[in-house]
Amino acid sequence: MPEKETGKQLKELEGKLKGTILWNEPMSKHTSYGIGGSARGFFYPVDENDLKSILKAAWQQNIKIYIIGSGSNLLVSDTGFDGIVISLSKHFRSMTVKETHVFAQSGTMMGHFVKECLRENLTGVESLIGVPGTLGGAVRMNAGAYGHEISNFLKSLSVMTLSGEQRDYERHEVEFSYRSSSLSDDQVILAATFEMEKGEPEKIRSLKAKASQSRKATQPLRFRSAGSVFKNPPNAKPAGYLIERAGLKGTKRGAAEISPKHGNFFLNHGGSTAEDIAWLIRLARKTVQKKLGVDLELEIKTLGFSPDYFDA
């Protein structure tokens, strides 16, 4: 893919930042899929002032912005993204635990968040052990596993809009449901506070081990993926089960495959394109709808595709 023209307006952002700036950056370097064309700019802001400078300048110049964490649930098109991608995963990683009160910035990796909570014998997040990505993404999508969701413990949130305005929310001001929240796309999560409960160390270790063993037994963790591709539909069997019932486990397109181990994991075995994954996604939606009458909704995020690209 030819390099995108950076342009004078984007170059002017460079003087406003303390953080790292990467021009015409391949998104394949920033997603767990290892797939994706280039973004015009890829920025790691150092702090909130740095982030505000980027957002305000881009907003005023009508430049597209997309916020990511670690790219663990993101599929980027082969043609890339004609805008700025901002990742908070490098510098927004502060976390403190005081008794049952937990503060964490949105770039904190979920693995670290869970381990620090368990180290202090805080219970309720054991089932999230092994959940990839950052805290910000986990809160926005209300990540959960084995009956627990991260919003169960949320106390407050700090966000910044794409125009650079900052606002705090109390828990009751944000609605959460299965793998979603009422936060709008133009709100960037900066940090969150949680109120947890103390638990018995032995019981916590047991629940953690059970969740970890279940994940290893049922998920293809050794291969590149973005985790669950589809949300589990309401009033129906889980998406992985439906894809298996539709006879699609093990289906391949190029170096991409619907995992033989878990039907809701689509794998990149090395050298897969975004179109290979997208083709399997469309096939799964079409086949499950036709054979089982269930419409599957994407759980992964997509970037650089047209709105109807994944229609069955």
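Modeller: Accessible areas come from the Shrake-Rupley method with a 1.4 Å probe, and for residues only the protein chains shown count as cover. By this method the accessible surface of the chain comes to about 14900 Å², and 46% of that surface belongs to carbon and sulfur atoms. The model is predicted: local features need pLDDT of at least 70, side-chain atom pairs count only at pLDDT 80 or more, and totals for chains, interfaces and linings use all residues. Residues are numbered from 1 along each chain as its sequence is written, and side-chain values use heavy atoms, with hydrogens and water left out.

Biologist: What makes the radius of gyration of the chain agree with that of a compact globule?

Modeller: The radius is taken over C-alpha atoms, and the globule rule is 2.2 Å times the number of residues to the power 0.38. For 312 residues the rule gives a value near 20 Å, and the chain has 20 Å, so the two agree.

Biologist: Which residues of helix 3 are called buried?

Modeller: Buried means under 20% relative accessible area (exposed is over 50%, partly exposed in between; 1.4 Å probe, protein chains only). In helix 3, residues 110-119, those buried are Met 110, Phe 113, Val 114, Glu 116, Cys 117 and Leu 118. Of the 312 residues of the chain, 51% count as buried.

Biologist: How many helices and strands does the chain have?

Modeller: Helices (H or I, at least four residues) and strands (E, at least two) are DSSP runs, numbered from the N terminus. On that basis the chain has 7 helices and 20 strands.
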